[in-house]
Amino acid sequence: QVQLVESGGGLVQAGGSLRLSCAASGSIFSINAMGWYRQAPGKQRELVASINGGGSTNYADSVKGRFTISRGNAKNTVYLQMNSLKPEDTAVYYCNAELQTYYTLRADYWGQGTQVTVSS
């Protein structure tokens, strides 16, 4: 059993900042990569940022220079620092982890989502 628990969403004015956190727990053997996706109403879920075990990061063009993804020291946590937020960043943000448990092969796991709303 694996759980991804997100926190840090909320309402912020345009130009403001938020920091999202996600912690993975359970029978985890190894984590290959973690990331953040978002889904706005009426739109498909899209990748925001990801980070692999080696620390390499990948960002959507729309957030480059504004968002920063990082891993915690325990490596089972991931953070998304969001600065200079825009109304178009409004969405439900989902934590994702590609990991292997002691009982299963590598697979994708998802958090429950946290709402980020940016007012103009």
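Predicted model: local features only at pLDDT ≥ 70, side-chain atom pairs only at ≥ 80, totals over all residues.
Local features need pLDDT of at least 70, side-chain atom pairs count only at pLDDT 80 or more, and totals for chains, interfaces and linings use all residues. Residues are numbered from 1 along each chain as its sequence is written, and side-chain values use heavy atoms, with hydrogens and water left out.

**View 1. The four-stranded open sheet.** The strands (DSSP runs of E, at least two residues, numbered from the N terminus) follow the order β1-β3-β8-β7 with antiparallel pairing. Pairing requires at least two DSSP bridges between two strands. β1 and β7 are the edge strands, each pairing on one side only. From one strand to the next, the twist averages 15° (axes are lines fitted to C-alpha atoms; angles run from 0 to 180 degrees between N-to-C directions). Six bridges join β1 and β3 in the antiparallel sense; L4 has A24 of β3 as its bridge partner.

**View 2. The largest nonpolar core.** Such a core is a set of buried (under 20% relative accessible area) Ala, Val, Leu, Ile, Met, Phe, Trp, Tyr and Cys residues joined through side-chain atoms within 4.5 Å. Among its 31 residues, W36, L80, M82 and Y93 touch the most other members. Elements giving two or more residues include β1 (2-7), β3 (18-26) and β11 (114-119). β9 provides the largest share, five residues.

**View 3. F29 at the surface.** F29 belongs to strand β4 (residues 28-39). Because its relative accessibility is 51%, F29 counts as exposed (over 50%; 1.4 Å probe, protein chains only).
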